[in-house]
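The sequence and structure are shown first, and the description follows.

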Amino acid sequence: MPDEINQASVRRFETRILANHPLTPTIYDLRVEHPHPDFTPGQFVNIYLNRGDWLLPRPISVADSGGDWIRLIYAVVGKGTERLSALQPGDKIDVTTILGHGFSIDSASTVIAVGGGVGVPPVYAAAKKAASAGKKVVAIMGFRSDPILLNELAASIGAENVRCAIEDGKAVPALRTAFPEIQLETGTVLTILKQLPVPKEGKALIVSCGPGPMMKAIQAFAPPDRFDLQFSLEERMGCGFGCCAGCVADIRDRASGAISRMGVCSKGPVFAGETVVFNA
Ligand SMILES: Cc1cc2nc3c(=O)[nH]c(=O)nc-3n(C[C@H](O)[C@H](O)[C@H](O)COP(=O)(O)OP(=O)(O)OC[C@H]3O[C@@H](n4cnc5c(N)ncnc54)[C@H](O)[C@@H]3O)c2cc1C
Ligand code: FES
C-alpha cells in the first residue's frame, strides 16, 4: 500500500502558461512552466484558478514534461476547465508540486496501456516510459469520436503497437484516412483487449485510466494469473492533498477482503486494479 502524501512537501506556486490550444473541440493541450518537472506517469498537479468563486483545485494528470515545463491535457467539462481554456500564453495560474502515486512499471516486461477519453494522457505517458525502458508495449486507446495523441504514441512506441477503438462507427472511415498507420476499429477498448493473445507464461501488466465502467470491465475480463492491473482513479477532489475526505474510493484489502474508503489524492490516484471496488 502506498504511503500517505507528506502534506508539508506539497507546495503551490504561481506559474506562467507557455501554450494552451485545442486538440479537439473539447480537449485542450496546456503547457506551463514548472520548476520540478520530473514525474511518474499517473501523477498529477492541482491547478488553482485564483478566483474566489473557484477556489477548489482542478487535478490534472501530467502527460509529459521537459527541462522546466509540464504538459497537461484536459477536457472542458465545467466552469473551471472552461475558464482555463480561455487563458493565453503568458497568463498566470497557480499549480502545485507533482502529487500522488503513479504507475509502477519497473518490474513488468510487457505493458498493455489502456486509456479511455481523458484517461488517455497518463496512460500515454506510461506507454512512452515503458517503451523507452525497452519493454514490450501495446497501447489501446478508446474515444467516442475524436482521438488524441495517436501520432505521438506511434512515434514513441511504433505505429504497429498502437490500437484505437472508436465508439461512433460513422467517424471511423475518415479517421482511417487521417491515421493510415494506426489500426482503428469501431467499438470500445474491451473489443481490442479481448483480441490480444493472453500471455502463455508470466504476466502482462495492464495500466489503465478512464471511465469507471471501462476499468470495471477490464477487471472482470483479465484473468488474475495472466495479468497484473493498475488503475488510475480520477475522482472528484476537494482540498487535493489529504485533508477533507472529498475524494474517497472503496479499496478492498487483499488479505482480509475488508473494504475501506481511501483518499485518492493521498493514497492514489493509482491503485492495484484488483483491489478497486467499482460501485456503479
Ligand atoms: C488525479 C486526477 C487526475 C485527473 N486528470 C485529468 C486529466 O488529465 N485530464 C482531464 O481532462 N481531467 C482530469 N481529471 C478530472 C478533472 O480534474 C475534472 O474534469 C475537473 O476538475 C473539472 O473541473 P470543472 O470546474 O471544469 O468542472 P466542474 O464544474 O467541477 O464539474 C463539471 C462536470 O464535470 C464532472 N466532474 C468534475 N470532476 C470530475 C472528475 N474528477 N471525474 C469525473 N467527472 C468530473 C462534474 O460531475 C460535473 O458534471 C483528473 C482528476 C483527478 C482526480
Ligand atoms: S481531496 Fe481532500 S482528502 Fe482528497
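## Salt bridges across the chain

A salt bridge is here a side-chain nitrogen of Lys or Arg within 4 Å of a carboxyl oxygen of Asp or Glu. The model is predicted, and it holds 11 salt bridges by this criterion. Side chains of opposite charge can pair when their charged atoms come close.

One of these pairs is formed by the side chains of aspartate 94 and arginine 12, with a nitrogen-to-oxygen distance of 2.9 Å. The pair links distant parts of the chain, since aspartate 94 belongs to strand S6 (residues 92–96) and arginine 12 to strand S1 (residues 12–22), 82 residues apart. The two partners can be described by their accessibility: aspartate 94 is buried, with a relative accessible area of 12%, whereas arginine 12 is partly exposed at 44%.

Lysine 203 and aspartate 228 form another salt bridge, in which the closest N and O atoms are 3.2 Å apart.

Arginine 254 is joined to glutamate 274 by a salt bridge whose closest N and O atoms are 2.6 Å apart. Because arginine 254 sits in the loop between strand S13 (248–252) and strand S14 (259–263), and glutamate 274 in the segment after strand S15 (270–272), the pair ties together parts that are 20 residues apart in sequence. Arginine 254 counts as exposed, at 63% relative accessibility, while glutamate 274 is partly exposed, with a relative accessible area of 40%.

## The ligand site

Which residues come nearest to ligand 1? There are 19 residues around ligand 1, and of these Arg58, Pro59, Ala75, Thr81 and Arg236 come nearest.

Backbone atoms of the protein approach polar atoms of the ligand at several positions. A backbone N or O atom of proline 59 lies 2.6 Å from an oxygen atom of ligand 1, and a polar backbone atom of glycine 80 is 2.8 Å from an oxygen atom of ligand 1. For isoleucine 73, a backbone N or O atom lies 2.9 Å from a nitrogen atom of the ligand. On its own, ligand 1 has 880 Å² of accessible area, of which the protein covers 75%.

## Helix H3 and its buried face

Helix H3 spans residues 150–157, and its buried residues are Leu150, Leu153, Ala154 and Ile157. Seen down the axis of H3, these residues fall within an arc of 100°, so they line one face of the helix. The face turned away from this buried side carries the exposed residues Asn151 and Ala155.

The cover over the buried residues of H3 includes helix H2 (120–132), strand S8 (136–143) and strand S9 (162–166). Just after H3, glycine 158 takes a positive phi of about 95°.

## Two loop residues

Glutamine 43 is placed in the loop between strand S2 (27–33) and strand S3 (44–48). Is this residue buried or exposed? Glutamine 43 is buried, with a relative accessible area of 13%. The side chain of glutamine 43 reaches the backbone nitrogen of threonine 40 at 2.8 Å and the backbone oxygen of glycine 100 at 2.8 Å. Leaving aside residues up to four places away in sequence, glutamine 43 touches Ser61, Val62, Ile98, Leu99, Gly100, His101 and Gly102.

Glutamate 181 lies in the loop between helix H4 (172–178) and strand S10 (183–186). Glutamate 181 counts as exposed, at 61% relative accessibility. The C-alpha atoms of glutamate 181 and valine 162 are separated by 9.0 Å, the two residues being 19 residues apart along the chain.

Key:
Residues are numbered from 1 along each chain as its sequence is written. Chains are lettered from A and ligands numbered from 1 in the order in which they are written. This is a predicted model: local features need pLDDT of at least 70, side-chain atom pairs count only at pLDDT 80 or more; totals for chains, interfaces and linings use all residues. Side-chain values use heavy atoms; hydrogens and water are left out. Buried means under 20% relative accessible area, exposed over 50%, partly exposed in between (1.4 Å probe, protein chains only). Helices (H or I, at least four residues) and strands (E, at least two) are DSSP runs, numbered from the N terminus. The arc is that of the directions from the helix axis to the C-beta atoms. Contact means heavy atoms within 4.5 Å. A residue is near a molecule or strand if one of its heavy atoms lies within 4 Å of it. A polar contact is a pair of N or O atoms within 3.5 Å; within protein, one must be able to donate a hydrogen and the other to accept it, and residues adjacent in sequence count only if both atoms are side-chain atoms. Accessible areas come from the Shrake-Rupley method with a 1.4 Å probe; for residues, only the protein chains shown count as cover.
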